[in-house]
Amino acid sequence: MKQQEDKQPIGLRNRILQVLLFFKDRFDLHEGKEDELETIDYIKKNIEFRGANLWILIFAIFVASVGLNVNSTAVIIGAMLISPLMGPIMGIGMAAGINDFELLKRSMKNLGIAVVISILTSTIYFSFTPLNDAQSELLARTEPSIWDVLIALFGGLAGIVAGSRKEKSNAIPGVAIATALMPPLCTAGYGLATGNLYYFFGAFYLFFINSVFISLSTYLIVRFMKFPKKEFLDPNREKTVKRYITIFTLLTIIPSIYLAYNIVTRTFWEKNAKQFVLTEMDFPRTQVIASTYSFASDSSGIEVSLVGERISDEEIERLQKKLPVMNLPKTYLKIKQSGDGTPDLNLLRSDVLKDLYERNEVLLQSKDQKIAFLESELSQYAESSRQVMDLAKEAKVNHTGLLTFSMNRAVLANIAENKQDTLLMAYARFRQRPGNQELKRFEEWLKVRTKADTVALIVD
């Protein structure tokens, strides 16, 4: 019995060990890994911006700027595929991971050159393009969110893992598309060209976040995979370089954590603010027609414009007290109501009324046209009915055996020529069927009387 009890824990431990070995084998990054020195050399080759590499960057910036200008997602994706911007950003993370200060300086220098040229190129384009409106693809690059941080972090991890393989996959172009390094720089150029500093700083802020987190992810993988660090003959020189690298790494990581925290905080605040307006400001006779949200760490604001029945001061006070309950601390609520003399709201209300009037006017015009058409059809039908009675009386004088007469215009489908025409059809019933000559005379009389080229006469 004791032997069986001893065997059970051993068997369980073996199974757990097998499971752990299975997962270790599956998630082993060292399998299929390129030689570390080859990977370092591969990243170094993509750092420099000179000659063809620099011209490719300029052309890619022009393509991306056109794509943002005409709001074409496909064109923007194409520009990101040919963009060489990933090189120096991954070079910064690599340099920090292997303590290569010279590589770090080269990477930062080339990244700076690439950024300046990219912004200048896009500024030149947007200064001369006749399309000045900010499209949705461009506006999407002016305000970074938590998702941009996550995309840059995981995209950078995928990029350096793919770059360290013997067989290079399509992951690196995919990372260039996912992290979207180029569109923010083009948007920054648009901000300079149009004098909109909000667009410029917002877009550059997004590019900075992407660059920092791609470099950070590269640094983490390089450290995790234990790439060989640069060796120095002079120990004092090695200590100095390590100190500089450590300072640079801390200066990169600490602000990135702070930026990520602020973005997460703002994202959750905006979600709660929109939920507050949606649930707490649902009034039966008052409608929210506009709402703006401004986030700040010390004092955030929700500004709402209402139209309809005015809400009381007591209700506004209740809403203000509700803000902390909805996880909106340090937030003020500003409400603009119709009739309070607010110029923007009065202008907005007049615009809404004007829009309603113009849309209703179009609908009324459409209905008037339909009514006029139907009245015309009814008038033609009544005229046709009167004409049939007159023709029947005249035909009775010439053809005394006529008992019943009817006439109508029918649509004739010409299948051979694939077209349609109108045909006058007449029906006549006699007491005794007339001869062919009389029927021929009757048909000719109908043509003259109705001014029709052809008449289809049916005789009963």
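## Packing of helices α6 and α11

Helix α6 passes helix α11 in a right-handed crossing. The structure is a predicted model. Two packed helices are described by the angle between their axes and the distance between the axes. For α6, which spans residues 101-128, and α11, which spans residues 197-224, the angle is about 145° and the axes lie 13 Å apart.

On the α6 side, L111, V115 and I119 take part in the contact, and they meet F200, F204 and F207 of α11. By residue class, this contact of α6 with α11 comprises 6 nonpolar residues, with no polar and no charged ones.

I40 belongs to helix α2, which covers residues 36-45. Is I40 buried or exposed? Its relative accessibility is 6%, and because buried means under 20% relative accessible area, I40 counts as buried.

Once neighbours within four places in sequence are set aside, the residues in contact with I40 are M94, I98, F227 and P228. One of these pairs can be described in both sequence and space: I40 and M94 are separated by 54 residues along the chain, while their C-alpha atoms are 7.6 Å apart.

## The three-stranded sheet

An open sheet is formed by 3 strands in the order β4-β5-β6, and its pairing is mixed. Its edge strands are β4, residues 402-414, and β6, residues 455-459, each of which pairs on one side only. From one strand to the next, the twist averages 25°.

Within this sheet, β4 pairs with β5 (residues 419-430) in the antiparallel sense, over 12 bridges. L402 has F430 in β5 as its bridge partner. Helix α15, formed by residues 436-450, packs on the sheet and touches β4, β5 and β6. The direction of α15 makes about 140° with that of β6.

## The protein as a whole

How many helices and strands does the secondary structure of the protein contain? There are 15 helices and 6 strands. The protein has 460 residues, of which 36% are buried.

Among contacts with a separation of 6 or more, residues 24 or more positions apart account for 72%.

Note on methods:
Residues are numbered from 1 along each chain as its sequence is written. This is a predicted model: local features need pLDDT of at least 70, side-chain atom pairs count only at pLDDT 80 or more; totals for chains, interfaces and linings use all residues. Side-chain values use heavy atoms; hydrogens and water are left out. Two strands pair if DSSP finds at least two bridges between them. Helices (H or I, at least four residues) and strands (E, at least two) are DSSP runs, numbered from the N terminus. Axes are lines fitted to C-alpha atoms, for helices over the stretch in contact, and angles run from 0 to 180 degrees between N-to-C directions. Contact means heavy atoms within 4.5 Å. Buried means under 20% relative accessible area, exposed over 50%, partly exposed in between (1.4 Å probe, protein chains only). A crossing is left-handed if the near helix is turned anticlockwise from the far one by less than a right angle, and right-handed if clockwise. Ala, Val, Leu, Ile, Met, Phe, Trp, Tyr, Cys and Pro count as nonpolar, Asp, Glu, Lys and Arg as charged, and the others, Gly among them, as polar.
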